[in-house]
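Subject: Structure for you to look at

Hello,

Here is the structure I said I would pass on. Please open it beside this email and go through the notes as you read.

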Amino acid sequence: MVIEELQQSDDSDLSFKVFHELMPKRVNDILLVSSRYDAYIMEEEGRLAERLIHEYRGLNLTCPPRITMVSTTEEAFSALNQQHFDLVFVMPRMDDMDLHDFGIQVKNRYHNIPIFLLVHNTAHILGEPRYSDKIAIDRQFVWSGNADLLLAIIKNVEDGMNVEHDTQRARVRVIIMVENSPAYYSSFLPLLYKVIVKQTKAVMEESLNEEHRILRMRIRPKILVAENYEEAIELYNKYRPYLLSVFTDVRYPVNGRENKNAGFMLTDIIKKETCDLPILIFSSEEENRKKARDVPAVFLNKNSPSLHMDIRSFFVKHLGFGDFIFRMPDGKEVARATNMRIMERVLPSIPEESVYYHAMRNDFSSWLMARSEINLASLLRPVKASDFSGPQELKEYLISCIHEQRKDRQKGVITDFLKTNFDPETDFLKIRKGSIGGKARGLAFISTLLKEQEDSLKKKFPGVSVYIPKTLVISTEGFEFFISKSNLKDLPDRNLSDKKIAEIFLKTQYPSWLMQDLKFYLSQVHYPIAVRSSSLLEDAQYQSRAGIYSTYMLPNNHKSLKVRLKKLIDAVKLVYASTYMETSTVFARSTSHRPEEEKMAVIIQQLAGTSQGVYFYPAISGVAQSYNFYPMSYMKPEEGIVHIAVGLGRTVVSGEAALRFSPCYPQFLPQFSSVDDILKNSQRSFYALNLSDFPIDFGLKDDKTLTRLQTDDEIVKDHFPLKTLCSTYIPADHRIRDTTAVNGCRVLTFANILKYNSFPLPEIISELLETGRKGMGCPVEIEFAVNFFDSPDRKPEFALLQIRPMALTHQNMEVKIVKDDIKRCVCYSNSALGNGNRQDIADIIFIKPEAFDPARTVEQAAEIGNLNKVLVKEDRKYLLIGPGRWGSADRWLGIPVTWNNISGVGAIIETSIDQLKADPSQGSHFFNNITSLGISYLTVSVDRNTINCDTTSDFIKWEWLDSLPVENETRFLRHVRLKQPLSIKVDGKKSCAVVLPE
């Protein structure tokens with residue numbers, strides 16, 4: 001037995017999305033033709049309209065049918081001329097026209113609209129045999145004033161309209177009832193629908209969200225009625241693969257003549273072809289009981305005072321409705337399961353004799369079929385208990401099947417968080433009805449795409465588990481409630497420091513309903529978690545806001561639930577607070593949005609990684625982009641680029657030292673072109689979550705739970721990720737060996753993966769980038785993590801943490817840079833980001849090359865921030881020029897400016913000098929925000945002493961800069977202002993740019 005059979009058992013689409021396509025045809029408009037007295041009885045006694053509305057609301061169905069009542073056939077024809085009706089009810093008390101003639105005229109003139117006759121007693125039927133010919137009246141019903149019958153008729157008509165489509169599309173189950181007595185089928189139909197609806201409502205409680213609850217009603221079993229043998233055989237042959245059960249009378253017409261054994265003729269055929277189909281035989285002739293036992297079938301006497309109760313009992317005992325009751329072979333109850341999650345939980349403790357007993361009777365598949373778990377039920381139906389070596393193997397198979405089905409059902413779906421129905425295995429949960437924000441929206445979207453690509457990914461990468469970590473989102477409703485109840489709406493106008501804002505939020509009481517939800521969540525969840533922002537505008541294509549808000553990582557391992565809850569709530573509050581802090585408010589103003597317009601959802605996500613002693617981190621974290629702004633050699637922009645590092649992703653997104661490679665050419669590593677280059681450019685440190693040191697408070701820092709470890713620390717030498725990914729430098733030979741089993745200095749080269757293909761990282765990234773690009777309709781950026789395990793029993797894991805669209809603007813306008821531009825320009829770059837011709841910048845701020853000190857980059861960032869404030873107040877955009885990687889958190893790689901330091905910048909030039917040379921970091925949050933705001937970013941790799949004005953080399957004319965009049969000067973900076981604005985031309989298609997003076 002292999003669980004993959006679950007997906008291979010049928011080609012039908014039984015995913016959540018197929019629910020949308022079921023029941024496409026509805027009864028929307030009903031015409032009721034009756035005397036005013038009958039109409040009065042129906043409306044006042046039966047309260048038909050009220051019952052219809054109530055019934056539809058109770059089933060989470062919208063748009064109940066509209067009923068038009070008329071009291072004469074003349075009014076009926078007038079109404080039929082004015083609008084379309086799906087169904088016509090007629091009552092016998094009509095004195096202006098014969099009902100049979102009326103029915104024939106309606107059929108002829110209005111495309112065979114179904115017409116049903118409602119009579120008060122069987123005397124009307126017996127006295128008018130013409131009504132049975134089905135020429136004028138489709139079916140007759142005995143109505144005693146109970147609106148349940150009318151509801152059942154409407155459902156039955158809709159079942160007939162949709163059964164062919166729904167069975168083919170989603171294998172919806174079918175019950176055939178064979179009965180030719182209007183009195184009996186008028187009694188049975190409301191009962192059958194009540195039992196089915198009750199079961200469906202119970203199953204709906206297991207639904208993942210409100211939409212799922214509404215749509216799940218559509219997959220309930222259909223009921224089809226036959227009044228003679230020929231109709232029954234036709235329905236049986238047509239819907240045999242989808243049958244749940246057959247209910248049949250014994251005496252009804254065969255070839256137009258009543259046959260006292262017609263029911264047994266039908267069951268003989270059924271049992272020969274579908275021997276395990278449950279059959280219910282009802283008859284008023286008690287002598288048929290023995291014959292029914294020989295079929296075998298369940299027999300009920302129509303004259304029994306408990307007939308309705310017995311029919312309900314048949315649904316429970318033989319069709320699996322209600323709870324699954326585990327019994328021993330002697331009938332003793334040992335346990336019960338109300339849903340699949342409880343079934344999975346109790347199965348291990350169920351006695352083997354009980355499991356074997358139910359398996360022999362196909363009880364498991366019957367119960368699952370009744371719960372509309374058609375795929376799993378169809379898989380289990382042909383499986384025999386004798387196929388297994390023993391009851392324990394059978395039990396393990398059942399648990400595995402149910403577990404996989406529950407997991408599969410949740411993939412790609414946002415599930416409502418409910419304490420009463422919480423399942424720790426759920427992939428994506430949401431608290432309350434507000435928005436989940438941009439970041440969570442991207443996660444939910446890629447989760448849907450992964451669900452669609454699941455089979456393909458398993459085939460291409462059978463040895464890898466590709467997944468999205470378990471995620472809970474507190475919707476923006478929580479943020480709005482918190483801000484409103486705490487009177488913090490005017491916070492943006494108070495001009496408070498970040499520290500003061502954090503203090504206010506931490507002291508403010510958190511909503512009790514949210515606190516209770518999070519307390520319950522933490523009582524079930526014990527793995528490390530990341531608390532991340534997901535604002536409404538975050539990760540939008542042209543306003544990414546990457547890294548603008550706070551992220552907190554929590555060990556979530558304190559022995560006290562109270563302590564864990566407080567830390568989680570503090571982290572959520574600080575994420576809320578980051579909406580109003582300086583960086584986010586300054587960024588918001590640069591995008592023409594007011595800070596108070598922003599609303600914040602919060603993601604609480606399982607942290608990807610493994611425990612290595614007291615530290616927790618992934619083997620690899622990284623950022624991949626499907627468009628490479630700086631292709632080298634034979635690389636192409638559309639082939640993408642990847643930045644990876646050991647440990648948590650802060651290394652990459654903060655622009656620190658990380659390895660850069662193309663997923664198409666993973667062995668082409670310019671950073672590692674020689675032994676000296678490897679020693680100089682390889683990652684020396686990484687971030688890990690400290691599991692043993694639980695901080696008293698976070699304050700403003702979101703890294704208090706993190707530890708920065710050195711790759712050559714003695715404490716990490718035996719960590720499995722480092723042993724897997726490191727090589728060894730042997731100083732005596734000045735060479736590097738791709739192993740850690742020799743003496744020497746460890747160096748992070750990722751050779752096992754990029755050189756020896758021990759893990760298909762480049763291939764997985766290429767596949768997911770292409771999936772994301774097709775899904776979003778534009779190039780995308782993903783953040784990911786990889787886990788390796790020191791055990792052959794566990795597959796390596798690729799965790800997809802985030803996806804966002806990339807902002808590419810080179811389709812917007814054509815920009816051409818000609819040779820004359822290059823001759824006239826003061827700066828040329830053949831590695832430029834952006835597109836357009838900007839002509840509104842007359843201010844330039846640049847780091848004085850002679851004053852640059854790589855040990856003082858933090859001070860230089862502060863000086864830039866001071867000048868930035870002055871120019872922002874004057875509303876003057878400026879060109880910023882300086883060495884190294886702008887925005888890097890590693891101050892030795894570049895100047896660590898944050899967005900508030902450069903919020904007024906219009907264009908940036910990254911230069912290279914002897915003291916500081918770093919590859920452009922496309923994977924950092926800083927870089928992402930620059931691109932999303934359309935700020936041109938030029939890279940000049942040649943130092944100031946080398947100028948070559950041909951089209952293959954970068955240059956910048958420092959003597960021209962030095963000749964300009966100084967507006968402001970500081971220890972490290974010079975601010976110059978031109979009389980006329982510069983022209984900054986960027987050709988996004990060729991990734992080149994020039995800066996031209998007027």
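The notes below go from the whole chain to single residues.

This is a predicted model, in which local features need pLDDT of at least 70 and side-chain atom pairs count only at pLDDT 80 or more, while totals for chains, interfaces and linings use all residues. Residues are numbered from 1 along each chain as its sequence is written, and side-chain values use heavy atoms, with hydrogens and water left out.

Whole chain

The chain has 34 helices and 43 strands. Helices (H or I, at least four residues) and strands (E, at least two) are DSSP runs, numbered from the N terminus. Of the 998 residues in the chain, 57% are buried. Buried means under 20% relative accessible area, exposed means over 50%, and partly exposed is in between (1.4 Å probe, protein chains only). Among contacts (heavy atoms within 4.5 Å) with a separation of 6 or more, 73% are between residues 24 or more positions apart.

Two helices

Helix α23 (residues 512-524) packs against helix α24 (residues 561-577) at an angle of about 125°, and their axes are 10 Å apart. That angle makes α23 oblique to α24. Axes are lines fitted to C-alpha atoms, for helices over the stretch in contact, and angles run from 0 to 180 degrees between N-to-C directions. Angles under 35 degrees count as roughly parallel, over 145 as roughly antiparallel, 65 to 115 as roughly perpendicular, and the rest as oblique. On the α23 side, the residues in contact include Leu514, Met515 and Leu518; on the α24 side, they include Leu561, Arg564 and Tyr576. By class, this contact has 9 nonpolar, 1 polar and 2 charged residues. Here Ala, Val, Leu, Ile, Met, Phe, Trp, Tyr, Cys and Pro count as nonpolar, Asp, Glu, Lys and Arg as charged, and the others, Gly among them, as polar.

Aromatic rings

Rings of Phe, Tyr and Trp (its six-membered ring) pair if their centres lie within 6.5 Å; planes under 30 degrees apart count as stacked, over 60 as edge-to-face, and the rest as tilted. By this rule there are 32 aromatic pairs. One of them, phenylalanine 324 with tryptophan 367, is edge-to-face, with 5.8 Å centre to centre and 85° between the planes. Phenylalanine 324 is in strand β13 (residues 324-327) and tryptophan 367 is in helix α16 (residues 363-370), so the pair ties together parts that are 43 residues apart in sequence. Phenylalanine 324 is buried at 4% relative accessibility, and tryptophan 367 is buried at 2%. Elsewhere, ring pairs link Phe479, Phe482, Phe505, Tyr510, Tyr576 and Tyr580 into a cluster. Tyr576 also belongs to the contact of α24 with α23.

Backbone

Most residues other than glycine have a negative phi, and most peptide bonds are trans. Valine 295 and proline 296 are joined by a cis peptide bond, with omega about -5°. Proline 296 is in the loop between α12 (288-294) and β12 (298-301).

Asparagine 362 is buried, with a relative accessible area of 13%. Asparagine 556, in the loop between β20 (551-554) and α24, has a positive phi near 55°. Its relative accessible area is 4%, so asparagine 556 is buried.

Regards
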